[in-house]
Amino acid sequence: MKPAKSFTVSPNLPKKLERLRDLAFNLRWTWDDETRNLFSRMDMDLWEEVDHDPVAMLNKIDQDTLEQLANDDSYVYSLDKVLVDFDLYLESTPWFHKRDEYSEDLNIAYFSMEFGITESMAIYSGGLGVLSGDHIKSSSEIGIPLTGIGLAYQMGYFSQSFNIDGWQEEKYVFNDFYNWPMKIKTDDQGNPHIISVDFPGRKVYAQIWEASVGRISLYLLDTNIDKNSEEDKKITFELYGGDQEMRIKQEIMLGMGGIKLLNDLGKPNSVIHMNEGHSAFAGLEKIKTLMSDSDLSFYEALEVAKASAVFTTHTPVKAGIDLFSASLIKKYFEDYCKTVGISPNELLDMGKIDKNGDDSFSMAILAINMAYKTNGVSELHGKVSRKMWKSLWPSALEKEIPISSVTNGIHQPSWLSREMVELFNRYLGPAWREEPASSKTWNRVKEIPDGELWRVHQTRRTRLVEFARRSLAKHYRSLDLPEADIQKAESVLDTNALTIGFARRFATYKRGTLIFRDIERLKKIVTDEERPVQIILSGKAHPQDKEGKELIKKIFNLAKDEDLHNHIVFISDYNMNIARYLVEGCDIWLNTPRRPQEACGTSGMKAAANGALNFSTLDGWWDEAYNRDIGWSIGNREELEDYNSVEEWDHNEANDIYRLLEEQIIPAFYERGRDKMPRRWIKMMKNSMAEVCPIFNTNRMLKEYTLDYYVPAFTQSSKLKAEGSAEATRLAAWKENIATKWDKIRFINVDSSSIEDLTIDSDLKVTAEVYLADIPSNDVNVEIYYGKLNTRGELEDGNTERMEVEKELGDGKFLYTVNINSWASGLNGFTLRMIPNKDYLPEADRQKLIYWLGDEEN
């Protein structure tokens, strides 16, 4: 039954405890142990019951307990101490505000389909969301002027359970936003702030939830309001749920609704960071706004919108990209095209995969075409992305394809165990928090006494084992299994055994069952009485991923094996809390993706920060980090093309896992001296922390994004918008003009001085007579590309040098020359190209118009 009136009831906090509300409603508590401890001390059982949500805690705790705490001098003292730190944090001047690049006009709008801030806010599914959460946490830490934009999912991602056969089942639970650390944004009259987005034949409305994450505001759009139809209320129901039409509705609301909100917030000039392609429609809404506010044409506004956007791709395979049919795009954007004065085909061309065939509309291609800069999330992923999207720049050199990389990191305070934090505070001082990218600071990890580090690690392993036992027993109770089975579950595993952790989304390319490929060999390894090994796993398969579900089912059934029951546990309903137990307590972090299909991966970074050693294929971040002193590699950078079949690939890498466990990992872990400590293992733990922590953290990552992406985009867009967007107007006109003339340019004649008897420092003069049609010579660069030839007789990794105009020959013809005197010994060669040269022309546009010597013959 619908209520006549709805309202929110708040707890009656005693005066001494009133500011607990301030702490509860700022998500800084997710990475501050002392703040979390204040809430857990109130009622430990209730703290667990509410999934570590302090707002829900305050709303549910009884009044008598609050009064007792207000009269507890120790508790009030702790609260006052935390409040001093909290206020100092918010009032202090962070890193970026002290930089010359800082400007009060700069704001970054960070768009993401999901945000993993804490387990109690279930609006994330996995790595993308957790990275988004860490991104805004570190933005707060170092003072990046950033605003988060996402969706408030009423049912979020699914809750996972298993039937008696080990088959994953999904359940969706309504999120109670009023018990979350966020508030409805209101207008000046105290009414909910509502934005509207144009949909076919109607408007769809959204209210806004605002969450404070340290210094950062995160805004979540919610369509589940009375102004919408029942169907439109469901747009923000499920994360990654529904069909393609539901997905396009969600992405329109995220991108276009997010821009509408930024305009209302007085931040229309924000640099847009599209975290994956889901939010690429933001660029289209920004174009419409610019056209209206600045009296620009579509293509003039496009230049400004593009200049103020960056795009991060997280997907190393095209199959993982959001695609929509042309008919669906036309259905939802027909009115938009009329409003902005372009045809539907012009819009489709901005995201079309293949202009000669497949009419699918790619959100990643739209994002690339709407961005000033594009990046992958590891060095290897950058290379993969350049290959994957080469068709967008068919004439560009692969190394010059304008997709760079910023390797992901983690927000370390969010993922470190309390015990490890205390250890770092004691031996590293505050610098590990204040300067997490300092190698000098992290090198002091080696000064921690071996005994102290090992005791902390053993404590966390014990807690992981106890947690796994409780989780397994809870699962057995949910299946109504006999009490004997439940008691058995409560004693599985060994708190002193070598513990391997594996937790991630169960997609097939991650090969979650690779270690179980040869069961008999694995049994011999894990059941060794003197050197036992155990494996604790967790993870979800997408509801529609039958293969992923089969992988989990296989593990569940293997864990029932009499020989393996005490050595394998799968923890159900994977979330951030389970992830923390695993990365804080395991000895080995196993990762087995097929190279190069893991864009980055960050779970291994979290494990390394807690002292675990990584054991992974050389993919994603581990391809950059690995050396023998800090962990182990599975394989040696092999990919599918190196094998005759996938079967052979899996066979070889499974054998590598067993061999390394038998010959290196297990002996190193169980090698103990008279003091019963694995000194060699502890040395590797310290090496790993000292080398991984200063590089693979989100503070370092955010500094790269800020200085290499955000600030340049802000500078470029500011210049294009100056003087009534005069430069944007000129650039759009120039691009239109040069596009009509580019196919007329030609190399007429190319010559060089003698190539006989050249040495590595001999001069070679190259001349080229070119025809530029009506294009001014200063709008074109003529360049030589030269270097050593590979075994196929091709220039593979050459050098580029600009040629100079020697004379104008008339009738659009020019003579260009260059002298080269730096050669590699062996067989060399050169070729020439022409490429546009224009102020403010983005590299992504520049690389699309390249004319190579010989193109006139094609």
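## Basis of the values

The model is predicted: local features need pLDDT of at least 70, side-chain atom pairs count only at pLDDT 80 or more, and totals for chains, interfaces and linings use all residues. Residues are numbered from 1 along each chain as its sequence is written, and side-chain values use heavy atoms, with hydrogens and water left out.

## Helix H9

Helix H9 covers residues 244-264; helices are DSSP runs (H or I, at least four residues) numbered from the N terminus.

Of the 21 residues of H9, 16 are buried, so the helix is largely enclosed by the rest of the structure. Buried means under 20% relative accessible area (1.4 Å probe, protein chains only). Just after H9, glycine 266 has a positive phi of about 80°.

## Glutamate 285

Glutamate 285 belongs to helix H10 (residues 281-294) and counts as buried because its relative accessibility is 4%. Beyond its neighbours within four places in sequence, it is in contact (heavy atoms within 4.5 Å) with Met256, Ile259, Lys260 and Tyr336.

## Cysteines

The structure holds 0 disulfides, defined as pairs of cysteine sulfur atoms within 2.5 Å. For cysteine 586, the nearest cysteine sulfur is that of cysteine 693, 14 Å away. The sulfur of cysteine 600 is 15 Å from its closest counterpart, in cysteine 693, and therefore too far for a bond. Cysteine 586 is buried at 0% relative accessibility, and cysteine 600 is buried at 2%.

Conventions
Helices (H or I, at least four residues) and strands (E, at least two) are DSSP runs, numbered from the N terminus. Buried means under 20% relative accessible area, exposed over 50%, partly exposed in between (1.4 Å probe, protein chains only). The expected span of a helix is 1.5 Å times one less than its number of residues.
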